[in-house]
Amino acid sequence: MQANKKDWLRDLVIYQVYPRSFMDSNGDGIGDLNGVRQKLPYLQELGVNALWLSPFFCSPGDDNGYDISDYQNIQPEFGTMEDCEALIRECHQRGMRILFDLVVNHTSDEHPWFLESSSRDNGKSDYYIWRDPVDGHEPTNWASVFGGSAWEYVPARGQYYFHLFSRKQPDLNWRCPDVKKAIFSMMAWWAQKGVDGFRVDAVSHYSKPEVFVDSTLPPMPDGYRPAFDQICNKPETHAIVHAMNREIFTPYNLVTVGEVACETDQDLQNYALSQREEFDMAIPFVPPQMEVGLNPVELLRHRFESQYEALKDGGWWALFLSNHDKPRQVSSLGDEGTYWEPSAKALALFLHGLPGTPFVYEGEELGMTNAYFSSIDDYRDLDSHNVYRSLLLSGKTPEEALHGVWQVSRDHARTPMQWTSGNQAGFTTGTPWIRVNENASRINAEQEQKDPLSVLHFYKKLIALRRREPLLKEGTLEFIDTPYPKQLIAYRRQKGGRSLLFIANLSDKACPVPFPLPDKEPLLTSWEREQSSRPAGQLRPYEAILWEE
Ligand code: NOJ
Ligand code: CA
(Lines give C-alpha, C1' and ligand atoms only; values in the text may rest on other atoms or scores of the structure.)
(Ligands and ions follow the chains in the order given, each with its own letter.)
Protein backbone atom coordinates (compact mmCIF):
# COMPACT_ATOMS: atom_id res chain seq x y z
CA MET A 1 0.00 0.00 0.00
CA GLN A 2 2.94 2.32 -0.65
CA ALA A 3 1.87 4.22 -3.78
CA ASN A 4 1.66 7.96 -3.22
CA LYS A 5 -1.77 8.91 -1.97
CA LYS A 6 -2.07 11.51 -4.71
CA ASP A 7 -2.60 8.58 -7.07
CA TRP A 8 -5.47 6.99 -5.16
CA LEU A 9 -6.98 9.50 -2.76
CA ARG A 10 -9.63 10.64 -5.24
CA ASP A 11 -10.71 7.06 -6.01
CA LEU A 12 -11.70 6.21 -2.48
CA VAL A 13 -15.18 5.22 -1.35
CA ILE A 14 -14.95 5.08 2.44
CA TYR A 15 -17.14 2.83 4.58
CA GLN A 16 -17.49 3.85 8.22
CA VAL A 17 -17.60 1.00 10.70
CA TYR A 18 -18.88 1.65 14.21
CA PRO A 19 -17.19 -1.46 15.65
CA ARG A 20 -19.46 -1.81 18.65
CA SER A 21 -22.52 -2.23 16.41
CA PHE A 22 -21.14 -3.92 13.30
CA MET A 23 -20.62 -7.63 13.99
CA ASP A 24 -20.11 -9.60 17.19
CA SER A 25 -17.83 -12.59 16.64
CA ASN A 26 -17.93 -14.14 20.13
CA GLY A 27 -21.47 -13.77 21.41
CA ASP A 28 -20.84 -11.20 24.17
CA GLY A 29 -23.29 -8.79 22.50
CA ILE A 30 -20.60 -6.28 21.49
CA GLY A 31 -19.31 -5.91 17.96
CA ASP A 32 -15.56 -6.50 17.65
CA LEU A 33 -12.56 -6.46 15.32
CA ASN A 34 -12.90 -10.12 14.39
CA GLY A 35 -16.49 -9.36 13.46
CA VAL A 36 -15.18 -6.72 11.04
CA ARG A 37 -12.69 -9.27 9.64
CA GLN A 38 -15.53 -11.76 9.05
CA LYS A 39 -17.42 -9.20 7.05
CA LEU A 40 -14.57 -8.04 4.79
CA PRO A 41 -15.90 -10.14 1.87
CA TYR A 42 -19.26 -8.36 2.21
CA LEU A 43 -17.53 -4.96 2.15
CA GLN A 44 -15.37 -5.89 -0.79
CA GLU A 45 -18.39 -7.06 -2.74
CA LEU A 46 -20.12 -3.77 -1.95
CA GLY A 47 -17.19 -2.15 -3.75
CA VAL A 48 -15.84 0.19 -1.08
CA ASN A 49 -12.07 0.46 -1.04
CA ALA A 50 -11.41 2.00 2.37
CA LEU A 51 -12.70 1.57 5.90
CA TRP A 52 -12.78 4.12 8.70
CA LEU A 53 -13.24 2.54 12.11
CA SER A 54 -14.59 4.49 15.05
CA PRO A 55 -12.37 4.00 18.14
CA PHE A 56 -11.71 0.55 19.60
CA PHE A 57 -8.73 1.50 21.79
CA CYS A 58 -8.67 1.02 25.58
CA SER A 59 -11.48 3.07 27.03
CA PRO A 60 -13.91 3.01 29.94
CA GLY A 61 -16.59 3.64 27.28
CA ASP A 62 -18.20 6.74 28.72
CA ASP A 63 -18.60 8.07 25.16
CA ASN A 64 -18.37 4.65 23.44
CA GLY A 65 -14.63 4.82 22.90
CA TYR A 66 -14.24 8.54 22.19
CA ASP A 67 -12.69 8.63 25.67
CA ILE A 68 -9.38 6.81 25.29
CA SER A 69 -7.30 5.56 28.20
CA ASP A 70 -4.55 3.91 26.13
CA TYR A 71 -3.99 4.90 22.50
CA GLN A 72 -1.72 1.97 21.77
CA ASN A 73 -3.78 -0.94 23.05
CA ILE A 74 -7.11 -2.48 22.16
CA GLN A 75 -10.08 -2.47 24.53
CA PRO A 76 -10.44 -6.21 25.32
CA GLU A 77 -14.12 -6.34 24.33
CA PHE A 78 -13.06 -5.36 20.79
CA GLY A 79 -10.24 -7.92 20.56
CA THR A 80 -6.45 -7.98 20.76
CA MET A 81 -3.53 -6.23 19.08
CA GLU A 82 -3.07 -9.40 16.98
CA ASP A 83 -6.68 -9.09 15.78
CA CYS A 84 -6.04 -5.45 14.93
CA GLU A 85 -2.85 -6.26 12.99
CA ALA A 86 -4.67 -9.06 11.17
CA LEU A 87 -7.46 -6.64 10.23
CA ILE A 88 -4.96 -4.15 8.78
CA ARG A 89 -3.22 -6.94 6.85
CA GLU A 90 -6.44 -8.46 5.52
CA CYS A 91 -7.76 -5.08 4.39
CA HIS A 92 -4.56 -4.54 2.44
CA GLN A 93 -4.72 -8.03 0.94
CA ARG A 94 -8.16 -7.12 -0.40
CA GLY A 95 -6.94 -3.82 -1.81
CA MET A 96 -8.67 -1.76 0.86
CA ARG A 97 -7.17 1.09 2.87
CA ILE A 98 -7.90 1.43 6.57
CA LEU A 99 -8.32 4.64 8.56
CA PHE A 100 -8.47 4.90 12.33
CA ASP A 101 -10.10 7.55 14.48
CA LEU A 102 -7.64 9.95 16.09
CA VAL A 103 -9.20 11.39 19.25
CA VAL A 104 -6.66 13.81 20.68
CA ASN A 105 -8.63 16.85 21.73
CA HIS A 106 -9.11 14.94 24.97
CA THR A 107 -8.33 11.62 26.62
CA SER A 108 -10.26 9.58 29.16
CA ASP A 109 -9.96 10.67 32.79
CA GLU A 110 -8.68 7.11 33.29
CA HIS A 111 -5.68 7.67 31.01
CA PRO A 112 -2.47 7.34 33.09
CA TRP A 113 -1.46 10.85 31.94
CA PHE A 114 -4.55 12.29 33.58
CA LEU A 115 -4.17 10.20 36.71
CA GLU A 116 -0.63 11.56 37.07
CA SER A 117 -1.64 15.07 36.13
CA SER A 118 -4.24 15.11 38.89
CA SER A 119 -1.55 15.60 41.50
CA ARG A 120 0.39 18.75 40.74
CA ASP A 121 3.98 17.73 41.27
CA ASN A 122 5.00 15.47 38.44
CA GLY A 123 6.04 15.47 34.80
CA LYS A 124 2.45 15.38 33.55
CA SER A 125 1.12 18.30 35.60
CA ASP A 126 0.81 20.47 32.50
CA TYR A 127 -0.78 17.84 30.20
CA TYR A 128 -4.34 19.08 30.79
CA ILE A 129 -6.10 22.43 31.23
CA TRP A 130 -6.03 23.22 34.95
CA ARG A 131 -7.25 26.44 36.51
CA ASP A 132 -7.70 27.73 40.04
CA PRO A 133 -11.20 28.17 41.47
CA VAL A 134 -12.61 31.69 41.21
CA ASP A 135 -14.37 32.77 44.42
CA GLY A 136 -14.69 29.12 45.37
CA HIS A 137 -16.38 27.99 42.15
CA GLU A 138 -15.72 27.13 38.49
CA PRO A 139 -13.33 29.45 36.62
CA THR A 140 -16.04 30.33 34.04
CA ASN A 141 -19.71 29.74 33.28
CA TRP A 142 -18.92 27.51 30.27
CA ALA A 143 -21.17 24.56 29.41
CA SER A 144 -19.91 21.16 28.41
CA VAL A 145 -21.27 19.82 25.12
CA PHE A 146 -22.85 16.94 27.01
CA GLY A 147 -24.52 19.07 29.69
CA GLY A 148 -23.47 20.67 32.97
CA SER A 149 -20.33 22.70 33.60
CA ALA A 150 -17.23 22.31 31.43
CA TRP A 151 -15.13 22.39 34.62
CA GLU A 152 -14.62 19.64 37.18
CA TYR A 153 -12.91 20.08 40.54
CA VAL A 154 -10.16 17.71 41.69
CA PRO A 155 -9.56 18.05 45.45
CA ALA A 156 -6.12 16.40 45.30
CA ARG A 157 -4.91 19.24 43.11
CA GLY A 158 -7.16 21.96 44.44
CA GLN A 159 -7.97 22.95 40.86
CA TYR A 160 -10.55 22.51 38.13
CA TYR A 161 -9.84 20.78 34.82
CA PHE A 162 -11.55 21.72 31.57
CA HIS A 163 -13.67 19.22 29.61
CA LEU A 164 -15.48 20.36 26.50
CA PHE A 165 -17.24 16.99 26.28
CA SER A 166 -18.11 14.74 29.24
CA ARG A 167 -16.57 14.94 32.69
CA LYS A 168 -14.68 11.78 31.75
CA GLN A 169 -13.10 13.45 28.69
CA PRO A 170 -10.56 15.99 30.01
CA ASP A 171 -9.09 18.22 27.28
CA LEU A 172 -5.40 17.90 26.54
CA ASN A 173 -3.22 20.97 26.81
CA TRP A 174 -1.74 21.38 23.33
CA ARG A 175 0.47 24.23 24.56
CA CYS A 176 2.52 21.65 26.42
CA PRO A 177 5.37 20.46 24.14
CA ASP A 178 5.38 16.98 25.71
CA VAL A 179 1.72 16.46 24.76
CA LYS A 180 2.52 17.21 21.15
CA LYS A 181 5.55 14.90 21.25
CA ALA A 182 3.61 12.02 22.80
CA ILE A 183 0.66 12.31 20.40
CA PHE A 184 2.84 12.64 17.30
CA SER A 185 4.89 9.60 18.25
CA MET A 186 1.69 7.58 18.82
CA MET A 187 0.46 8.60 15.35
CA ALA A 188 3.76 7.56 13.77
CA TRP A 189 3.58 4.23 15.62
CA TRP A 190 0.20 3.42 14.05
CA ALA A 191 1.39 4.57 10.64
CA GLN A 192 4.32 2.16 10.95
CA LYS A 193 1.83 -0.60 11.68
CA GLY A 194 0.29 0.08 8.29
CA VAL A 195 -2.66 2.34 9.07
CA ASP A 196 -3.39 4.38 5.93
CA GLY A 197 -4.87 7.44 7.52
CA PHE A 198 -6.91 9.09 10.23
CA ARG A 199 -10.32 10.61 10.71
CA VAL A 200 -9.40 13.30 13.23
CA ASP A 201 -11.92 13.99 15.99
CA ALA A 202 -13.02 17.38 17.31
CA VAL A 203 -10.13 19.23 15.69
CA SER A 204 -11.56 22.70 15.94
CA HIS A 205 -11.08 22.89 19.69
CA TYR A 206 -7.44 21.92 20.21
CA SER A 207 -6.35 25.40 21.21
CA LYS A 208 -7.72 26.87 24.43
CA PRO A 209 -7.31 30.47 25.58
CA GLU A 210 -4.62 31.24 28.13
CA VAL A 211 -7.09 33.38 29.98
CA PHE A 212 -10.65 32.04 30.17
CA VAL A 213 -13.48 34.59 30.35
CA ASP A 214 -17.20 34.11 30.98
CA SER A 215 -19.40 33.41 27.99
CA THR A 216 -22.16 35.88 27.14
CA LEU A 217 -24.08 33.48 24.88
CA PRO A 218 -27.61 32.54 26.01
CA PRO A 219 -27.63 29.96 28.83
CA MET A 220 -28.62 26.31 28.50
CA PRO A 221 -31.53 25.03 30.67
CA ASP A 222 -29.01 24.12 33.40
CA GLY A 223 -27.66 27.68 33.49
CA TYR A 224 -24.25 27.07 31.89
CA ARG A 225 -23.42 28.88 28.68
CA PRO A 226 -21.93 27.49 25.45
CA ALA A 227 -18.58 29.07 24.62
CA PHE A 228 -17.70 27.62 21.22
CA ASP A 229 -16.97 31.06 19.90
CA GLN A 230 -14.04 31.31 22.29
CA ILE A 231 -12.38 28.01 21.33
CA CYS A 232 -13.26 27.38 17.69
CA ASN A 233 -10.77 27.29 14.83
CA LYS A 234 -8.14 29.49 16.45
CA PRO A 235 -4.83 30.16 14.61
CA GLU A 236 -2.99 27.97 17.18
CA THR A 237 -5.27 25.05 16.25
CA HIS A 238 -4.36 25.45 12.59
CA ALA A 239 -0.70 25.57 13.56
CA ILE A 240 -1.05 22.21 15.33
CA VAL A 241 -2.80 20.61 12.34
CA HIS A 242 -0.18 22.03 9.99
CA ALA A 243 2.56 20.53 12.16
CA MET A 244 0.74 17.16 12.11
CA ASN A 245 0.70 17.37 8.36
CA ARG A 246 4.38 18.27 7.96
CA GLU A 247 5.68 15.85 10.58
CA ILE A 248 3.32 12.86 10.24
CA PHE A 249 0.61 12.96 7.55
CA THR A 250 2.87 13.80 4.62
CA PRO A 251 5.95 11.74 5.57
CA TYR A 252 3.78 8.68 6.19
CA ASN A 253 1.58 9.25 3.13
CA LEU A 254 -1.58 9.26 5.27
CA VAL A 255 -5.04 10.18 4.07
CA THR A 256 -6.71 12.53 6.53
CA VAL A 257 -10.24 13.66 7.22
CA GLY A 258 -10.70 16.33 9.86
CA GLU A 259 -13.93 16.56 11.81
CA VAL A 260 -14.31 20.31 12.10
CA ALA A 261 -16.84 22.77 13.43
CA CYS A 262 -17.11 25.30 10.62
CA GLU A 263 -18.81 28.58 11.11
CA THR A 264 -17.82 29.98 7.73
CA ASP A 265 -16.60 28.82 4.32
CA GLN A 266 -13.27 30.34 5.26
CA ASP A 267 -13.02 27.88 8.17
CA LEU A 268 -13.60 24.97 5.80
CA GLN A 269 -11.01 26.32 3.38
CA ASN A 270 -8.48 26.76 6.14
CA TYR A 271 -8.68 23.05 6.97
CA ALA A 272 -9.17 21.50 3.56
CA LEU A 273 -7.49 23.52 0.80
CA SER A 274 -4.38 21.60 -0.19
CA GLN A 275 -2.17 24.69 -0.19
CA ARG A 276 -2.87 25.03 3.54
CA GLU A 277 -1.18 21.65 4.17
CA GLU A 278 -3.65 20.55 6.82
CA PHE A 279 -6.23 17.85 5.89
CA ASP A 280 -7.11 16.11 2.63
CA MET A 281 -10.79 16.49 3.45
CA ALA A 282 -12.97 17.89 6.20
CA ILE A 283 -16.20 16.67 7.75
CA PRO A 284 -18.06 19.74 8.96
CA PHE A 285 -19.87 18.86 12.17
CA VAL A 286 -23.41 20.19 12.45
CA PRO A 287 -25.38 19.23 15.57
CA PRO A 288 -28.58 17.36 14.55
CA GLN A 289 -30.53 19.88 16.68
CA MET A 290 -29.73 22.51 14.06
CA GLU A 291 -31.19 20.47 11.21
CA VAL A 292 -34.44 19.19 12.72
CA GLY A 293 -37.44 20.41 10.76
CA LEU A 294 -35.48 21.97 7.87
CA ASN A 295 -36.63 21.23 4.35
CA PRO A 296 -34.33 18.44 3.04
CA VAL A 297 -33.96 19.90 -0.46
CA GLU A 298 -32.99 23.33 0.80
CA LEU A 299 -30.66 21.84 3.37
CA LEU A 300 -28.88 19.58 0.87
CA ARG A 301 -28.56 22.24 -1.76
CA HIS A 302 -27.25 24.82 0.65
CA ARG A 303 -24.77 22.47 2.28
CA PHE A 304 -23.28 20.89 -0.83
CA GLU A 305 -23.30 23.96 -3.02
CA SER A 306 -21.47 26.08 -0.49
CA GLN A 307 -18.93 23.34 0.21
CA TYR A 308 -18.34 22.87 -3.49
CA GLU A 309 -17.74 26.57 -4.03
CA ALA A 310 -15.49 26.84 -0.99
CA LEU A 311 -13.18 24.03 -2.07
CA LYS A 312 -13.29 24.02 -5.85
CA ASP A 313 -9.93 25.73 -6.22
CA GLY A 314 -7.49 23.35 -4.58
CA GLY A 315 -9.65 21.30 -2.21
CA TRP A 316 -11.51 18.02 -2.13
CA TRP A 317 -14.84 17.08 -0.56
CA ALA A 318 -15.89 14.52 2.03
CA LEU A 319 -19.40 13.52 0.93
CA PHE A 320 -21.63 12.12 3.64
CA LEU A 321 -25.19 12.21 4.87
CA SER A 322 -24.77 9.83 7.81
CA ASN A 323 -22.39 8.94 10.59
CA HIS A 324 -22.48 7.69 14.19
CA ASP A 325 -23.55 11.12 15.49
CA LYS A 326 -26.60 11.62 13.27
CA PRO A 327 -30.08 10.13 12.91
CA ARG A 328 -30.41 7.75 9.95
CA GLN A 329 -30.59 9.63 6.65
CA VAL A 330 -33.70 7.83 5.30
CA SER A 331 -35.55 8.89 8.45
CA SER A 332 -34.37 12.49 8.61
CA LEU A 333 -34.13 13.39 4.91
CA GLY A 334 -36.20 10.72 3.17
CA ASP A 335 -39.27 8.66 3.95
CA GLU A 336 -39.35 5.76 6.40
CA GLY A 337 -42.78 4.59 5.23
CA THR A 338 -44.38 4.22 1.79
CA TYR A 339 -41.38 5.57 -0.13
CA TRP A 340 -38.67 3.99 1.99
CA GLU A 341 -36.92 2.29 -0.91
CA PRO A 342 -36.98 5.05 -3.57
CA SER A 343 -36.07 7.65 -0.94
CA ALA A 344 -33.06 5.62 0.26
CA LYS A 345 -31.93 5.26 -3.35
CA ALA A 346 -32.62 8.90 -4.25
CA LEU A 347 -30.47 10.20 -1.38
CA ALA A 348 -27.68 7.79 -2.32
CA LEU A 349 -27.79 8.82 -5.97
CA PHE A 350 -27.74 12.50 -5.01
CA LEU A 351 -24.64 12.06 -2.87
CA HIS A 352 -22.66 9.70 -5.07
CA GLY A 353 -23.23 11.90 -8.09
CA LEU A 354 -21.35 14.80 -6.47
CA PRO A 355 -17.62 15.52 -6.71
CA GLY A 356 -15.58 14.26 -3.76
CA THR A 357 -15.11 11.08 -1.72
CA PRO A 358 -18.36 9.34 -0.76
CA PHE A 359 -18.68 7.95 2.76
CA VAL A 360 -21.11 5.11 3.46
CA TYR A 361 -22.06 4.68 7.12
CA GLU A 362 -22.72 1.08 8.17
CA GLY A 363 -26.29 0.05 7.39
CA GLU A 364 -26.92 3.06 5.17
CA GLU A 365 -26.42 0.72 2.20
CA LEU A 366 -29.38 -1.33 3.47
CA GLY A 367 -31.59 1.72 4.01
CA MET A 368 -31.50 1.24 7.79
CA THR A 369 -33.84 3.62 9.62
CA ASN A 370 -34.12 5.29 13.03
CA ALA A 371 -35.13 3.10 15.98
CA TYR A 372 -37.67 4.78 18.23
CA PHE A 373 -37.32 3.13 21.64
CA SER A 374 -40.34 3.54 23.90
CA SER A 375 -38.32 3.92 27.08
CA ILE A 376 -35.38 6.23 27.81
CA ASP A 377 -33.79 3.24 29.57
CA ASP A 378 -33.23 1.57 26.19
CA TYR A 379 -31.00 4.45 25.09
CA ARG A 380 -27.29 3.93 25.68
CA ASP A 381 -25.73 7.17 24.43
CA LEU A 382 -24.81 9.65 27.14
CA ASP A 383 -25.86 12.50 24.88
CA SER A 384 -29.37 11.06 24.42
CA HIS A 385 -29.69 10.97 28.21
CA ASN A 386 -28.43 14.53 28.45
CA VAL A 387 -30.93 15.71 25.87
CA TYR A 388 -33.68 13.95 27.84
CA ARG A 389 -32.59 15.52 31.14
CA SER A 390 -32.27 18.93 29.63
CA LEU A 391 -35.78 18.74 28.09
CA LEU A 392 -37.22 17.72 31.47
CA LEU A 393 -35.36 20.63 33.07
CA SER A 394 -36.87 23.01 30.55
CA GLY A 395 -40.37 21.91 31.61
CA LYS A 396 -41.25 19.17 29.10
CA THR A 397 -43.20 16.08 30.19
CA PRO A 398 -41.39 12.70 30.08
CA GLU A 399 -43.31 11.83 26.93
CA GLU A 400 -42.37 15.10 25.22
CA ALA A 401 -38.76 14.66 26.32
CA LEU A 402 -38.68 11.16 24.81
CA HIS A 403 -40.03 12.54 21.54
CA GLY A 404 -37.26 15.14 21.65
CA VAL A 405 -34.73 12.32 21.98
CA TRP A 406 -36.31 10.57 18.98
CA GLN A 407 -35.52 13.59 16.83
CA VAL A 408 -31.80 13.84 17.53
CA SER A 409 -30.54 10.66 19.22
CA ARG A 410 -27.14 9.36 18.18
CA ASP A 411 -28.36 5.87 19.07
CA HIS A 412 -30.46 5.77 15.87
CA ALA A 413 -27.21 5.18 14.04
CA ARG A 414 -25.80 2.83 16.64
CA THR A 415 -28.33 -0.01 16.70
CA PRO A 416 -26.83 -3.30 15.52
CA MET A 417 -26.16 -3.81 11.85
CA GLN A 418 -29.00 -5.80 10.33
CA TRP A 419 -27.37 -8.83 8.73
CA THR A 420 -30.26 -11.31 8.65
CA SER A 421 -33.94 -11.63 9.48
CA GLY A 422 -33.01 -14.12 12.24
CA ASN A 423 -32.37 -13.75 15.93
CA GLN A 424 -30.87 -10.35 16.89
CA ALA A 425 -30.55 -9.59 13.18
CA GLY A 426 -27.61 -11.98 12.94
CA PHE A 427 -25.46 -9.42 14.79
CA THR A 428 -24.82 -11.55 17.87
CA THR A 429 -25.69 -14.93 19.32
CA GLY A 430 -25.92 -13.24 22.73
CA THR A 431 -27.78 -10.20 24.02
CA PRO A 432 -26.83 -7.06 22.09
CA TRP A 433 -25.53 -4.06 24.05
CA ILE A 434 -28.29 -1.98 22.48
CA ARG A 435 -31.61 -3.16 21.07
CA VAL A 436 -31.94 -4.23 17.47
CA ASN A 437 -34.31 -2.14 15.35
CA GLU A 438 -37.72 -3.78 15.11
CA ASN A 439 -37.68 -3.64 11.34
CA ALA A 440 -34.72 -6.04 11.03
CA SER A 441 -36.92 -8.82 9.67
CA ARG A 442 -37.75 -6.58 6.70
CA ILE A 443 -34.54 -4.57 6.26
CA ASN A 444 -31.43 -6.77 6.31
CA ALA A 445 -28.40 -7.69 4.23
CA GLU A 446 -29.34 -11.34 3.68
CA GLN A 447 -32.63 -10.47 2.02
CA GLU A 448 -31.21 -7.55 0.07
CA GLN A 449 -28.38 -9.68 -1.30
CA LYS A 450 -30.99 -11.89 -2.98
CA ASP A 451 -32.94 -9.03 -4.54
CA PRO A 452 -31.17 -7.36 -7.49
CA LEU A 453 -33.35 -4.25 -7.07
CA SER A 454 -32.66 -3.78 -3.36
CA VAL A 455 -31.09 -0.69 -1.78
CA LEU A 456 -27.94 -2.75 -1.22
CA HIS A 457 -27.62 -3.59 -4.91
CA PHE A 458 -28.30 0.04 -5.77
CA TYR A 459 -25.25 1.03 -3.70
CA LYS A 460 -23.19 -1.58 -5.54
CA LYS A 461 -24.29 -0.12 -8.87
CA LEU A 462 -23.49 3.41 -7.70
CA ILE A 463 -20.04 2.52 -6.47
CA ALA A 464 -19.31 0.57 -9.67
CA LEU A 465 -20.50 3.54 -11.76
CA ARG A 466 -18.12 5.83 -9.89
CA ARG A 467 -15.24 3.49 -10.79
CA ARG A 468 -15.91 3.53 -14.52
CA GLU A 469 -17.20 7.08 -15.02
CA PRO A 470 -14.40 9.69 -14.84
CA LEU A 471 -16.94 12.52 -15.03
CA LEU A 472 -18.11 11.66 -11.52
CA LYS A 473 -14.59 12.14 -10.25
CA GLU A 474 -13.47 15.06 -12.36
CA GLY A 475 -16.50 16.92 -13.70
CA THR A 476 -17.45 20.40 -12.52
CA LEU A 477 -20.65 20.81 -10.51
CA GLU A 478 -23.45 23.25 -11.16
CA PHE A 479 -26.77 23.20 -9.31
CA ILE A 480 -29.81 24.05 -11.44
CA ASP A 481 -32.55 26.35 -10.13
CA THR A 482 -36.11 25.09 -10.46
CA PRO A 483 -39.52 26.62 -9.66
CA TYR A 484 -39.92 23.97 -6.93
CA PRO A 485 -37.03 24.65 -4.54
CA LYS A 486 -38.63 22.65 -1.72
CA GLN A 487 -39.19 19.55 -3.84
CA LEU A 488 -36.69 19.33 -6.66
CA ILE A 489 -32.94 19.22 -6.58
CA ALA A 490 -30.95 19.11 -9.81
CA TYR A 491 -27.34 19.47 -10.90
CA ARG A 492 -25.07 18.97 -13.86
CA ARG A 493 -21.54 17.52 -13.96
CA GLN A 494 -19.38 18.53 -16.93
CA LYS A 495 -15.98 17.93 -18.42
CA GLY A 496 -14.47 17.91 -21.90
CA GLY A 497 -17.76 18.31 -23.76
CA ARG A 498 -19.56 15.53 -21.87
CA SER A 499 -22.13 16.05 -19.19
CA LEU A 500 -24.27 14.21 -16.66
CA LEU A 501 -27.63 15.47 -15.45
CA PHE A 502 -29.11 14.59 -12.07
CA ILE A 503 -32.62 15.48 -10.96
CA ALA A 504 -34.60 14.30 -7.96
CA ASN A 505 -37.99 14.91 -6.43
CA LEU A 506 -37.22 14.63 -2.71
CA SER A 507 -40.83 14.80 -1.58
CA ASP A 508 -43.77 12.44 -1.22
CA LYS A 509 -45.86 14.27 -3.84
CA ALA A 510 -45.44 14.09 -7.60
CA CYS A 511 -43.77 17.19 -9.04
CA PRO A 512 -43.88 18.70 -12.53
CA VAL A 513 -40.57 18.63 -14.40
CA PRO A 514 -39.64 22.23 -15.23
CA PHE A 515 -37.31 21.59 -18.20
CA PRO A 516 -36.94 18.97 -20.93
CA LEU A 517 -35.21 15.83 -19.72
CA PRO A 518 -32.93 13.69 -21.90
CA ASP A 519 -34.87 11.25 -24.04
CA LYS A 520 -32.57 8.32 -23.25
CA GLU A 521 -32.14 5.44 -20.91
CA PRO A 522 -30.94 6.77 -17.55
CA LEU A 523 -27.70 5.51 -16.00
CA LEU A 524 -29.56 4.95 -12.72
CA THR A 525 -32.96 5.70 -11.27
CA SER A 526 -34.42 5.35 -7.79
CA TRP A 527 -37.68 4.02 -9.27
CA GLU A 528 -35.89 1.13 -10.96
CA ARG A 529 -38.32 -1.36 -9.45
CA GLU A 530 -41.32 0.23 -11.17
CA GLN A 531 -41.89 -1.35 -14.58
CA SER A 532 -44.35 1.25 -15.95
CA SER A 533 -42.78 4.35 -17.50
CA ARG A 534 -42.68 7.70 -15.79
CA PRO A 535 -45.83 9.83 -16.33
CA ALA A 536 -45.00 12.50 -18.95
CA GLY A 537 -43.78 15.76 -17.49
CA GLN A 538 -43.74 14.48 -13.90
CA LEU A 539 -41.35 13.09 -11.35
CA ARG A 540 -42.93 10.59 -8.99
CA PRO A 541 -42.33 10.84 -5.20
CA TYR A 542 -38.65 10.35 -4.41
CA GLU A 543 -37.86 9.74 -8.04
CA ALA A 544 -34.21 10.51 -8.75
CA ILE A 545 -32.58 10.02 -12.14
CA LEU A 546 -29.06 10.33 -13.52
CA TRP A 547 -28.42 10.49 -17.27
CA GLU A 548 -25.60 11.21 -19.60
CA GLU A 549 -26.88 14.17 -21.63
C1 NOJ B 1 -17.11 13.73 17.73
C2 NOJ B 1 -17.45 12.27 17.70
O3 NOJ B 1 -17.88 11.94 16.41
C4 NOJ B 1 -18.49 12.04 18.76
O5 NOJ B 1 -19.07 10.77 18.68
C6 NOJ B 1 -17.84 12.30 20.10
O7 NOJ B 1 -18.81 12.22 21.11
C8 NOJ B 1 -17.18 13.67 20.16
N9 NOJ B 1 -16.46 14.03 18.97
C10 NOJ B 1 -16.21 13.73 21.31
O11 NOJ B 1 -15.10 12.92 21.03
CA1 CA C 1 -17.88 -9.42 20.79
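Two residues are taken to be in contact when heavy atoms of the pair lie within 4.5 Å. On this basis, in the predicted model described here, 29 residues of domain 1 are in contact with 27 residues of domain 3. The automatic or database assignment from which the bounds come divides the chain into domain 1 (5–107 + 178–220 + 232–373 + 413–463), domain 2 (112–162) and domain 3 (475–548). Between the C-alpha centres of domain 1 and domain 3 the distance is 29 Å. The size of an interface is often expressed as the accessible area lost when the parts come together. For domain 1 and domain 3, about 2,600 Å² is buried between the two, and 65% of this area is on carbon and sulfur atoms. Of the area that domain 1 buries against domain 3, 23% is supplied by Val297, Arg301 and Leu349, more than by any other three residues.

Within domain 3, whose bounds are 475–548, Asn505 belongs to strand β16 (residues 498–505). Asn505 has a relative accessible area of 0% and is therefore buried, the cut-off being under 20%. A polar atom of the Asn505 side chain lies 3.2 Å from the backbone oxygen of Leu539. Leu539 is also among the residues in contact with Asn505 beyond four places in sequence, together with Gln487, Leu488, Ala510, Cys511, Arg540, Pro541, Tyr542 and Glu543.

Pro19 counts as buried because its relative accessibility is 1%. The C-alpha atom of Pro19 is separated by 8.2 Å from that of Gly35, which lies 16 residues away along the chain.

Ser69 is located in the loop between β3 (57–58) and β4 (70–74). With a relative accessible area of 14%, Ser69 is buried. A polar atom of its side chain lies 3.5 Å from the backbone nitrogen of Ser59. Apart from residues up to four places away in sequence, Ser69 touches Cys58, Ser59, Pro60, Ser108, Glu110, His111 and Pro112.

Helix α6 (residues 177–192) comprises 16 residues and reaches 23 Å from its first C-alpha to its last, close to the expected 22 Å. Its buried residues are Val179, Ile183, Phe184, Met186, Met187, Ala188, Trp190 and Ala191. Gly194, which follows α6, has a positive phi near 105°.

Helix α13 (residues 382–393) has twelve residues, and its reach of 16 Å from first to last C-alpha is close to the 16 Å expected. At the start of α13, a side-chain oxygen of Asp381 comes to within 3.1 Å of the backbone nitrogen of Asp383. Asp383 is one of the buried residues of α13, the others being Leu382, Ser384, Asn386, Val387 and Tyr388. The cover over these buried residues includes α14 (398–408). Just after α13, Gly395 adopts a positive phi of about 105°.

Most residues other than glycine have a negative phi. Ala202, however, has a positive phi near 45°. This residue is placed in the loop between β9 (197–200) and α7 (228–231), and Ala202 counts as buried because its relative accessibility is 4%. Glu277, likewise not a glycine, has a positive phi of about 55°. Glu277 is found in the loop between α9 (265–272) and β11 (281–284), and its relative accessibility of 30% makes Glu277 partly exposed.

Key. Residues are numbered from 1 along each chain as its sequence is written. Chains are lettered from A and ligands numbered from 1 in the order in which they are written. This is a predicted model: local features need pLDDT of at least 70, side-chain atom pairs count only at pLDDT 80 or more; totals for chains, interfaces and linings use all residues. Side-chain values use heavy atoms; hydrogens and water are left out. Helices (H or I, at least four residues) and strands (E, at least two) are DSSP runs, numbered from the N terminus. The expected span of a helix is 1.5 Å times one less than its number of residues. Buried means under 20% relative accessible area, exposed over 50%, partly exposed in between (1.4 Å probe, protein chains only). A polar contact is a pair of N or O atoms within 3.5 Å; within protein, one must be able to donate a hydrogen and the other to accept it, and residues adjacent in sequence count only if both atoms are side-chain atoms. Buried area is the accessible area (1.4 Å probe) that two parts lose on being put together, summed over both.
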